[in-house]
Amino acid sequence: MDLFEKAVSRNEGLSALSGRTHGIATFPKLRGDIGSRMDFGGVTRLVWSLNNYLGLANHPEVRRADAEAALKYGLAAPMGSRMMSGETDDLEALETELAGFVRKPAAFFLNFGYQGMVSLVDILVGRHDWVVYDAHCHSCIIDGIRLSGAHARSFPHNDIGRLEKVLEQVERRRSQAEGVLVITEGVFGMSGDQGRLRDIVALKERFGFRFLVDDAHGFGIMGPDGRGTPEAQGVEDEVDLHFATFAKAGASIGAFVAGPADLIWYLRYTMRSQVFSKGLPAPIVAGNRTRLRVIESGGALRARCWSIAGALQNGLRAEGLDIGETASPVTPVFLRMTPEQALAYLELLREEFGIFCSAVTYPVVPPGVVQLRLIPTAEHTPDDVERTIEALPAAYAKITAESSSVCAGSAMDALTKSP
Ligand SMILES: Cc1ncc(COP(=O)(O)O)c(C=O)c1O
C-alpha cells in the first residue's frame, strides 16, 4: 500500500475530528498584539488561551529589548551549532544568570523545550538504565524515554504509593551498574496540579535515584521569587536536574536544564538536539536575558497573575464547576459533553459571550468529557473574571438544555478512572 495513502486513511485521534474543528478548536487564528484582548474572526475577544502568565509578551521593556536585539543582530547569528561555530558571550551570560536564578551550579540553554527534553533523557539513560515517570508527563519526556531505550516504568499520576512500589520492583531487578532516573513535572500544564516533588524527594535516600523535574509551567510563576515549583515546595537542593522553558511565562522560545557543573558540561558535548542543530538566533538569547531580569524583579506581576487566578478559580468553583486539583494559575474546567456539543459550546462562548478559550476532547480526555483550559495572566482584570464566571455556566446551560447531561463533578470522576 502507498505509504501516504496508508497514513491519510488511518485518520486517527484529533486528525479524525479536524474536518469539523479546524479554524475553531484547532488552528484558530488569533490576531493582533498578544494579550487578554485579541481579534478572532474580525471581532475582539477576551482571551484565556495563552501561557503568557506574567504578560511579558507585550511588556514594554521586553518589546524594546527584542526590537533592539533584532536590529543589532538580525536572524543569522549565530551561524552553526554552538559547538562548531555558534558560541556567544550572550549565551554564556544567560546560562550563568539562569543557574544563579534556579540556584544550581550550572545551566545549559537549549534550542527548544521539546527537543531539549527528548535529547536530555536520551543522553542521560540508556538500555542499561531505568526511568520511572509520572503517567501524565508531557510527550517530550515520553519521546525521550522511547528514544533512549531505557527500561521504563510509569506510575499513576501523583500516586506516591504506586511510585514506591515501582521503585521497589526496579530495585529488585536492576543490576549495580544500572542507574535510575525519576521524572515528573513541577506544574502539569493541562490540569494545573503540581507534581509531588517533596514526596518524591523523600524517597531518594532509600532508592538512590536521580530526580529530573520538568518545570515548564512553573518557571517565573511558582514560588515567592518565581524560581519555580522546586522553590514553591522547598526542594530546590534535592531536585538534581531542573528543566524549564521560556515558551510559557517567558513568552519567548528556548529552554534550559540546570544541575551539577560536571554533568551540565557533559550534556553540552553530547545532547544531540544541541550538537547537531543551529543555535537559536541571537535576538532570542538577548531577549531571554531581559525576560529573566523582568521575571526576577517580577513580584508585582506574579501577584497580579495569582490574584486573577484565585478569583477565577474560586468563582468557577462557587458556580459548581469542576476545576480538578489545580494548584497553579492553569485553570481546567471539566464538563460532560459530546465532542459535537463541545464545538458548539466553544463557538457560542466566542460568538455570543466574546470569550476565547481552548478546549480538548477525547482522546486527550476520556470520552464524554471536554476540558476547557483557561490561563489567567497579569493582564486580566477582575471584570474579565466576573464576565467569564457568568458566561461559562450560562453557555453550558444553553448547549445542554435539550439533553440531560450534568455539569461538573462526574466529569472529574471519569478522568480519574481513565486508564
Ligand atoms: C511540560 C512541558 N515540557 C516541555 C514543553 C515543550 O516546551 P517548548 O514549547 O519550549 O518546546 C512543554 C510545552 O508544551 C511542556 O508543557
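Which residue is the bridge partner of Leu-110 in S10? In this predicted model, the partner is Ala-255. That pair belongs to the contact between S4 and S10, which run antiparallel and are joined by five bridges.

Both strands lie in an open sheet of seven strands. The order is S4-S10-S9-S8-S7-S5-S6, and the pairing is mixed. Strand S4 (106-110) and strand S6 (151-155) form the edges, each pairing on one side only. From one strand to the next, the twist averages 20°.

Five of the five residues of S10 are buried, so the strand is largely enclosed by the rest of the structure. Ala-255, Val-257 and Gly-259 point one way from S10. Phe-256 and Ala-258 point the other way.

A parallel pairing occurs between strand S5 (residues 130-134) and S6. Five bridges join these two strands. Val-132 stands opposite Arg-153 in S6. Two helices that pack on the sheet touch S4 and S10. Helix H5 (residues 89-102) contacts S4, strand S9 (241-245) and strand S10 (255-259). The direction of H5 makes about 125° with that of S4. Helix H12 (residues 261-270) touches S4 and S10. For H12, the angle with the direction of S4 is about 25°.

At the level of the whole protein, the domain assignment gives two segments for domain 1, 16-54 and 299-417. Domain 2 covers 76-296. Taken over C-alpha atoms, the domain centres are 29 Å apart. Contact between the domains involves 16 residues of domain 1 and 16 residues of domain 2. On the domain 1 side, helix H15 (299-318) and strand S11 (331-336) each supply at least two residues. This side of domain 1 has seven nonpolar, six polar and three charged residues.

Note on methods:
Residues are numbered from 1 along each chain as its sequence is written. This is a predicted model: local features need pLDDT of at least 70, side-chain atom pairs count only at pLDDT 80 or more; totals for chains, interfaces and linings use all residues. Domain bounds come from an automatic or database domain assignment. Two residues are in contact if their C-beta atoms, placed from the backbone, lie within 7 Å. Helices (H or I, at least four residues) and strands (E, at least two) are DSSP runs, numbered from the N terminus. Ala, Val, Leu, Ile, Met, Phe, Trp, Tyr, Cys and Pro count as nonpolar, Asp, Glu, Lys and Arg as charged, and the others, Gly among them, as polar. Two strands pair if DSSP finds at least two bridges between them. Axes are lines fitted to C-alpha atoms, for helices over the stretch in contact, and angles run from 0 to 180 degrees between N-to-C directions. A residue is buried if 20 or more other C-beta atoms lie within 10 Å of its own, exposed if 12 or fewer, and partly exposed in between; C-beta atoms are placed from the backbone.
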